[in-house]
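Me: I would like to go through this model with you. Could we start once it is on the screen?

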Amino acid sequence: ASGNSTVPAGYESVQDADVEDKLRAVFAKEFPQYEIKENVSPVTLGGTGRFMDYSFGVYENGEPKLFIMIISSNTCASKFYRWSKEQAEQANVTMINFVGAFENKIDYIINRLHQYL
């Protein structure tokens, strides 16, 4: 159908899905070499205390390479979010955000992840 021309082949089924489902599809197609874990606690990095879990963790050979937070517009003000971000930084693991309310087009997600993986 016209109007879907911007959706990369193979992603038509998730073009209107939420960002979590889009990310799962992109990981499976674009980054099959990585292990993907969901709802990863910063405690796995040696953190102690209360945190916000990372929505997704991308692992290579058992080591975390990238953490992704699905956030809402006010999440960044949360101290638990900040502590999780600091924990990732201390472990030298990049953490990026996707705002759940944004459109998060598939090609945007793919391009963004390729910057980090």
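Me: Is Val 7 buried or exposed?

Reply: Val 7 counts as buried because its relative accessibility is 15%, where buried means under 20% relative accessible area, exposed over 50% and partly exposed in between (1.4 Å probe, protein chains only). Please note that this is a predicted model, in which local features need pLDDT of at least 70 and side-chain atom pairs count only at pLDDT 80 or more, while totals for chains, interfaces and linings use all residues. Residues are numbered from 1 along each chain as its sequence is written, and side-chain values use heavy atoms, with hydrogens and water left out.

Me: Where does Val 7 lie, and what is it in contact with?

Reply: Val 7 is in the segment before helix 1; helices (H or I, at least four residues) and strands (E, at least two) are DSSP runs numbered from the N terminus. Leaving aside neighbours within four places in sequence, Val 7 is in contact with Glu 12 and Gln 15, contact meaning heavy atoms within 4.5 Å. From Val 7 to Phe 27 the C-alpha distance is 16 Å, at a separation of 20 residues in sequence.

Me: Which residues have the most contacts inside the largest nonpolar core?

Reply: They are Tyr 11, Leu 23, Val 26, Phe 27, Ile 68, Phe 98 and Leu 113, in a core of 22 residues. Two or more residues each come from helix 1 (19-30), strand 2 (54-60), strand 3 (63-71), strand 4 (94-99) and helix 3 (106-116). Helix 1 gives the most, five residues. A nonpolar core is a set of buried Ala, Val, Leu, Ile, Met, Phe, Trp, Tyr and Cys residues joined through side-chain atoms within 4.5 Å.

Me: And what does Leu 23 touch?

Reply: Not counting residues up to four places away in sequence, Leu 23 touches Phe 56, Ile 68, Ile 70, Phe 98, Ile 109 and Leu 113.

Me: New topic: which side chain of opposite charge is nearest to Lys 22?

Reply: That is Glu 103, 6.2 Å away; Lys 22 is buried yet has no salt bridge (a side-chain nitrogen of Lys or Arg within 4 Å of a carboxyl oxygen of Asp or Glu). The Lys 22 side chain does reach the backbone oxygen of Asn 104, at 3.1 Å. Lys 22 is in helix 1.

Me: Lastly, where is Thr 75?

Reply: Thr 75 is in the loop between strand 3 and helix 2 (79-90). Thr 75 is buried, with a relative accessible area of 10%. A polar atom of the Thr 75 side chain lies 2.8 Å from the backbone nitrogen of Ser 72.

How values were computed:
Lys and Arg count as positive and Asp and Glu as negative; His and the chain ends are not counted. A polar contact is a pair of N or O atoms within 3.5 Å; within protein, one must be able to donate a hydrogen and the other to accept it, and residues adjacent in sequence count only if both atoms are side-chain atoms.
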